[in-house]
Amino acid sequence: TTQEASDYLASEVMNRLPPDLGGFLMKICVLDEFDAQLCQAVGGQDDARGLLDRVVADDLFIYQVDHAGERFRLHQMFAAYLRARLKSLGGTQFRDAHLRAAAALLERGDRLAAMRHAMAAADMQLAAAVLVDSMFTILDVTHAQEAKSVARAWLAEFGDAAAEADPEQLLQFVFLLAAAGHREAEGWLTKVNQAHPSPAPGVDALAHAVWAAYHYNRGSVDLALEIGRAHV
């Protein structure tokens, strides 16, 4: 059972580890996949390479995910146990670990992974910053799909609240989907309309622009032009 597994991991694994190794695992457990450099950024230890080598040498529920032997993952059950243990400590340790992971991954250009950590930390503004960073890549075919994935992740987590509280920000992010003609953009646009039947002029103008972009990219050029003329 889950409790039996947790008891085993606590008594037979974690409680027998040297403090530096146990502390290292607690700091990096929020990462889905990692290398020594990422461990150092998230854990803050200069000897992250040596600590990671010890985890691998001791076969502490870790496995390699690349041919070069540089990238690793913790076993899913062990990672879940460590995260629960970190969270149980209270304070800001769990949240801070996710925020450090988000910052490190964003610096690497892995925006979708950074977004996941920002959402795990329930940091709407950081998640929005990650999405804004993604928006600058939308015209780059290589990164366009990632930008849309990041937008979907943000909308799924924060979209309903933003439709009420910050429709302008929401519409800016929905534009990423509207510009590709994705049908889900229409659902978000409808939510904004319902939440703000008499929107402020700036929100109204932005909503019309996103609606027009959506219909244009769905192939309804005449409808897009009609929306544009109606707002003018």
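The legends below describe close-up views of a predicted model.

Local features are described where pLDDT is at least 70, side-chain atom pairs count only at pLDDT 80 or more, and totals for chains, interfaces and linings use all residues of this predicted model. Residues are numbered from 1 along each chain as its sequence is written, and side-chain values use heavy atoms, with hydrogens and water left out.

**View 1. Helix 6 against helix 7.**
Helix 6 covers residues 93–108 and helix 7 covers residues 111–120. Helices (H or I, at least four residues) and strands (E, at least two) are DSSP runs, numbered from the N terminus. The two helix axes come within 8 Å and cross at roughly 165°. Axes are lines fitted to C-alpha atoms, for helices over the stretch in contact, and angles run from 0 to 180 degrees between N-to-C directions. Helix 6 and helix 7 are therefore roughly antiparallel to each other. Angles under 35 degrees count as roughly parallel, over 145 as roughly antiparallel, 65 to 115 as roughly perpendicular and the rest as oblique. Helix 6 passes helix 7 in a left-handed crossing; a crossing is left-handed if the near helix is turned anticlockwise from the far one by less than a right angle, and right-handed if clockwise. On the helix 6 side of the contact are His98, Ala101, Ala102, Leu105 and Leu106, which meet Arg111, Ala113, Ala114, His117, Ala118 and Ala120 of helix 7. Contact means heavy atoms within 4.5 Å. By class, this contact of helix 6 with helix 7 has eight nonpolar, two polar and one charged residues. Ala, Val, Leu, Ile, Met, Phe, Trp, Tyr, Cys and Pro count as nonpolar, Asp, Glu, Lys and Arg as charged, and the others, Gly among them, as polar.

The axis of helix 5 (residues 76–88) comes within 7 Å of the axis of helix 6, and the two cross at roughly 125°. Helix 5 and helix 6 are therefore oblique to each other. Arg83, Leu86 and Lys87 in helix 5 meet Gln93, Phe94 and Ala97 in helix 6. The residues of this contact divide into three nonpolar, one polar and two charged. Phe94, in helix 6, is buried, with a relative accessible area of 16%. Buried means under 20% relative accessible area, exposed over 50%, and partly exposed in between (1.4 Å probe, protein chains only). Leaving out residues up to four places away in sequence, Phe94 touches Val30, Arg83, Leu86 and Lys87. Val30 and Phe94 are 64 residues apart in sequence, and their C-alpha atoms are 8.2 Å apart in space.

Most residues other than glycine have a negative phi. Asp59 has a positive phi, near 55°, and is not a glycine. Asp59 is found in the loop between helix 4 (48–57) and strand 1 (62–64). Phe61 is found in the loop between helix 4 and strand 1, and has a positive phi of about 50°. Asp59 is exposed, with a relative accessible area of 56%, whereas Phe61 is partly exposed at 32%.

Side chains of opposite charge can pair when their charged atoms come close. A salt bridge is a side-chain nitrogen of Lys or Arg within 4 Å of a carboxyl oxygen of Asp or Glu. By this rule the count comes to nine salt bridges. One of them joins Asp20 and Arg54 (2.8 Å, N to O). This pair links distant parts of the chain, with Asp20 in helix 2 (residues 19–28) and Arg54 in helix 4, 34 residues apart. Asp20 is partly exposed at 37% relative accessibility, and Arg54 is partly exposed at 32%. Another salt bridge joins Glu184 and Arg152 (2.9 Å, N to O). Glu184 is in helix 11 (residues 184–195) and Arg152 in helix 9 (residues 141–165), 32 residues apart.

Asp35 forms a salt bridge with Arg71, and the closest N and O atoms are 3.3 Å apart. Asp35 lies in the loop between helix 2 and helix 3 (36–43) and Arg71 in the loop between strand 1 and strand 2 (72–74), so the pair ties together parts that are 36 residues apart in sequence. Asp35 is buried at 13% relative accessibility, whereas Arg71 is partly exposed at 24%. Salt bridges link Glu33, Asp35, Arg71, Arg73 and Arg108 in a network.
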